[in-house]
Amino acid sequence: MTNAFHAFEHWMLQYRRVWHGTVFSGFVMPVLFMLGIGLGVGAYIDDTAAIGGVSYAAFIAPGLLASTAMQITVGEMTWPVFGALRWGAQYKAMQASPLRPVDMLNGHLLYGLLRGLISAVVFLIVMAFFGVVSSGWAPLAVVPAMLTAFSLIGFMYAYAVSIDSEMGLSIVQRFVIVPITLFSGVFFPLSQLPQYLQPVAWLSPLWHGAELSRWAVSGTATPWFWPLHAVYLIVLGVAGWWLASRRLAKRLTI
Amino acid sequence: MSDDSPLISARNLVKRYGDATAVAGVDLTVSRGEAFGFLGPNGAGKSTTMRMIGCVSEPTSGELKVLGMDTVTEGDRIRARLGVVPQEDTLDTELTVFENLVIYARYFGIKYGVARERARELLEFVRLSDRADKLVESLSGGMKRRLTIARALVNEPDVIMLDEPTTGLDPQARHLVWERLFQLKQRGITIILTTHYMDEAEQLCDRLVIMDGGRIASEGSPRQLIDRHVTREVVELRFNGSHTDELAEIAGKLDGIAGQLEPLPDRILLYADNAEVAVAEVHARGLTPSSVLERRATLEDVFLRLTGRTLIE
């Protein structure tokens with residue numbers, strides 16, 4: 001694991017040049033979401049029984065927290081990973097050192113997770129400003145948010161190192177990440193979906209993350225026994241990591 | 001590992017990519033402190049062999065040991081003691097010159113304090129101290145190459161491996177690189193390089209192999225290779241703009257004058273132990289070349305004899 005930290009340091013050194021920009025946008029995005037959707041769309045919602053009797057803003061905020069952590073983390077594993085392997089020299093340089101492919105992978109994943117963590121914390125602060133945090137347990141929502149990010153990070157990485165054209169990256173963003181964001185019980189409860197579609201949504205890691213996050217923030221009971229949600233996310237994440245390590249080793253050992 | 005055991009030893013080393021064979025059974029031994037060169041045309045298998053020695057490519061078959069360790073199972077331990085200068089610079093263009101050295105040192109687990117100190121010393125060594133805080137992007141090709149060499153030394157390697165270290169550099173930059181490599185050699189660092197510049201090979205290498213088609217065509221010191229494959233001297237004869245066919249006809253009349261004879265499109269090469277005697281004989285046979293150049297045989301003559309004159313791309 002020490003080696004992975006050495007690789008991680010490289011990405012941190014690059015991040016040092018841009019971190020203030022990312023933190024700034026990290027504040028702007030959630031503010032816009034809370035204003036535009038939480039308050040704007042929320043103003044049209046009178047009947048809040050289906051969302052547990054809380055305000056619409058309070059309903060979507062915990063899910064958005066998980067969704068943001070997921071999107072930032074996964075986003076870091078798209079072009080930056082494709083580029084590090086294809087365009088830049090970062091991986092080639094690391095390859096000449098004692099770092100093994102798995103160290104390079106772990107270092108990059110750690111960095112992606114850290115980026116997700118920063119955005120999650122920032123989001124939580126914004127939520128507090130909007131007064132949608134009603135429980136002392138709320139900061140714990142960062143944990144399911146990061147589990148959601150972890151569940152997909154390896155898969156995204158594996159995909160980014162396997163494709164030959166960057167086209168695939170936008171396709172994943174549009175046809176995987178966006179649908180996951182929209183149909184995972186973040187903006188409306190799953191019960192609004194047709195009965196037969198609900199089990200499909202159970203596959204979405206974000207649904208599990210959003211429900212856990214909502215539990216922490218508002219105390220809304222989770223649909224399943226809570227460890228099941230967590231275990232699902234962890235199992236997905238480990239499978240993704242395993243796949244990523246295989247794909248990267250294959251790419252680098254030629 | 002004792003000091004006299006070979007630093008690198010390869011037995012019947014093979015690398016295949018699908019149906020294509022890049023390296024087709026290479027045997028070689030490099031000793032500690034040697035400056036060893038791989039020469040050969042493009043596609044001869046030099047870089048592939050280097051990548052296997054550098055533990056970033058696994059041999060298809062055969063045995064390869066570096067520093068007494070197996071390159072497949074102990075790659076990370078070997079790489080910890082190698083310095084690699086790849087053909088194309090792998091510098092991080094978004095970081096400064098100094099940061100490039102320090103972060104690279106971190107990959108080797110070198111502590112920050114030590115890394116910074118070495119970075120300063122190495123920048124001095126490659127004469128880039130005044131550029132320390134500049135982004136790599138702003139460096140010229142020669143500077144980038146020197147920085148890459150400095151970076152390869154940051155872990156104080158036992159072996160430094162350079163893949164075409166001076167390709168694309170202007171003469172001043174080349175000579176500076178050679179000077180530095182020569183200094184490293186004097187410090188006892190083993191140097192392994194690939195090149196297709198014969199002057200580079202003659203200047204730097206104690207011993208070299210000429211590769212062609214994935215095999216070693218010949219091996220020895222530059223002097224040994226010249227003695228073995230060509231004569232001591234070469235005479236280049238031109239005949240008033242005569243070309244291929246006419247030259248072939250003239251060559252017929254030169255038969256027997258020298259050891260070997262090679263008609264080219266614009267001139268005839270006579271490989272002779274004594275150029276003066278050969279030239280006298282040319283005149284004695286009634287031939288009057290428009291220009292006569294007598295010179296010592298070089299590694300380039302050996303190279304072209306062994307790998308042919310056909311352009312390989």
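1. Salt bridges across the interface. Between chain A and chain B, the rule finds three salt bridges. The model is a predicted one, and these pairs are computed from its atoms. Over all chains, a search of the whole structure gives 26 salt bridges. Side chains of opposite charge can pair when their charged atoms come close.

2. The pairs at B:E99. One salt bridge joins B:E99 to A:R17, with 2.7 Å between the closest N and O atoms. B:E99 also forms a salt bridge with A:R16, and there the closest N and O atoms are 3.2 Å apart. This second pair runs between chains: A:R16 sits in the loop between α1 (2–15) and α2 (19–41) of chain A, while B:E99 belongs to helix α3 (residues 97–107) of chain B.

3. Extent of the interface. The size of an interface is often given as the accessible area lost when the parts come together. Here chain A and chain B bury about 2100 Å² between them, and 55% of that lies on carbon and sulfur atoms. On the chain A side, the residues that lose the most area to chain B are A:R17, A:P98 and A:I254, which together account for 26% of what that side buries. In terms of contacts, 21 residues of chain A touch 27 residues of chain B.

4. What is the angle at which α3(B) and helix α5 (residues 141–152) of chain B pack? The angle is about 25°, and the axes are 9 Å apart. Angles under 35 degrees count as roughly parallel, so α3(B) is roughly parallel to α5(B). The crossing of the two helices is right-handed. From α3(B), the contact is made by B:V97, B:N100, B:L101 and B:Y104; from α5(B), by B:L147, B:A150 and B:R151. Sorted by class, the contact of α3(B) with α5(B) has five nonpolar residues, one polar and one charged.

5. A helix pair in chain A. Helix α6 (residues 101–129) and helix α11 (residues 226–252), both of chain A, pack at about 130° with their axes 9 Å apart. The two helices, α6(A) and α11(A), are therefore oblique to each other. Their crossing is right-handed. On α6(A) the contact residues are A:P101, A:V102, A:M104, A:L105, A:N106 and A:L109, and on α11(A) they are A:W241, A:A244, A:S245, A:L248, A:A249 and A:L252. Which classes make up the contact of α6(A) with α11(A)? There are 10 nonpolar residues, two polar and no charged ones.

Notes
Residues numbered from 1 in each chain as written. Chains lettered and ligands numbered in written order. Predicted model: local features only at pLDDT ≥ 70, side-chain atom pairs only at ≥ 80, totals over all residues. Heavy atoms only, no water. Axes fitted to C-alpha atoms, helices over the stretch in contact; angles between N-to-C directions. Helix = DSSP H or I, 4+ residues; strand = E, 2+ residues; numbered from the N terminus. Parallel < 35°, antiparallel > 145°, perpendicular 65-115°, else oblique. Left-handed = near helix turned anticlockwise from the far one by under 90°. Contact = heavy atoms within 4.5 Å. Nonpolar A, V, L, I, M, F, W, Y, C, P; charged D, E, K, R; others polar. Buried area = accessible area lost by both parts, 1.4 Å probe. Salt bridge = Lys/Arg side-chain N within 4 Å of Asp/Glu carboxyl O.
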